[in-house]
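Please read this short briefing alongside the sequence and the 3D view.

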Amino acid sequence: MESRIGGPQRSDAQRNRERILQVALAELSHTADVPLSVIAKKAGVGQGTFYRNFPSREALVLEVYRHEVQLLTDAATELLATRKPDQALREWMDQLARFAVAKVGLSDAMRQIIGTTDGPAQPGYALVVQAINALLAANHEAGAIRPGVTVDDFILAIAGIWQIDARGDWRAQATRLLDLVMDGLRAGAPGQR
């Protein structure tokens, strides 16, 4: 990771930045108006360190969101390299559910800085679509899912995860829903015969 001035970050500076992002995700998920000083304090960094990394609330919120999208999209590549395509897809769907729950909390903060959090204009949307496309392509090639499933089909099929109440037992609900989606994707797959 590079610093804002373009050079590589020291390892302690990188750890500080990662801690700030982790705390910011948790805090912003609870309330969009959390004071930045609270995030800095809970991350164990001083105000100077915080503002060197994130000079404004907008910069912090966008970076938290960008960071979460990057983790999600990187996971698709990592899973495809280490799992069978259908296992990679199903495990990635679990990560997508965790992202959806975190995003629900971030949506108020995102709305404040970009106006909306819905639809293709959303930051990172294209990266998520690329990850889905790679996962579906690997599954089509392996015959692990029914032929002809498109990215749009997949997005519509998993849309229910955005409706899960993050304050409830969202993990169990997401697991059940995504298992049903995966069963539907496998139905009629050439490799299932």
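The chain has an average pLDDT (the predictor's confidence in each residue, from 0 to 100) of 86, and 85% of the residues score at least 70. This is a predicted model, in which local features need pLDDT of at least 70, side-chain atom pairs count only at pLDDT 80 or more, and totals for chains, interfaces and linings use all residues. Residues are numbered from 1 along each chain as its sequence is written, and side-chain values use heavy atoms, with hydrogens and water left out.

**Confidence along the chain**
- Confidence is highest in helix 2 (residues 36–43), at a mean of 96, and lowest in helix 5 (residues 85–114), at 81.
- Over residues 116–121 pLDDT stays under 50, and the model has eight contacts for them beyond four places in sequence; a contact means heavy atoms within 4.5 Å.

**Overall make-up**
- The chain has eight helices and zero strands; helices (H or I, at least four residues) and strands (E, at least two) are DSSP runs, numbered from the N terminus.
- The chain has 193 residues, of which 41% count as buried; buried means under 20% relative accessible area, exposed over 50%, and partly exposed in between, with a 1.4 Å probe and protein chains only.
- Of the contacts between residues at least 6 apart in sequence, 65% join residues at least 24 apart.

**Helix 1 and helix 4**
- The axes of helix 1 (residues 11–30) and helix 4 (residues 57–82) come within 10 Å and cross at roughly 95 degrees; axes are lines fitted to C-alpha atoms, for helices over the stretch in contact, and angles run from 0 to 180 degrees between N-to-C directions.
- Helix 1 and helix 4 are therefore roughly perpendicular to each other, a label for angles of 65 to 115 degrees.
- Residues making this contact include I20, L21 and L25 of helix 1 and L60, V61 and V64 of helix 4.

**Aromatic rings**
- The whole structure holds four aromatic pairs; rings of Phe, Tyr and Trp (its six-membered ring) pair if their centres lie within 6.5 Å, with planes under 30 degrees apart counted as stacked, over 60 as edge-to-face and the rest as tilted.
- One of the pairs joins F50 and Y51, which are edge-to-face, 5.2 Å centre to centre with 80 degrees between the planes.
- The rings of F50 and F54 have centres 6.1 Å apart and planes at 55 degrees, so this pair is tilted.
- F50, Y51 and F54 form one aromatic cluster.
- F50 is buried at 0% relative accessible area, F54 is buried at 1%, and Y51 is partly exposed at 35%.

Notes: Angles under 35 degrees count as roughly parallel, over 145 as roughly antiparallel, 65 to 115 as roughly perpendicular and the rest as oblique.
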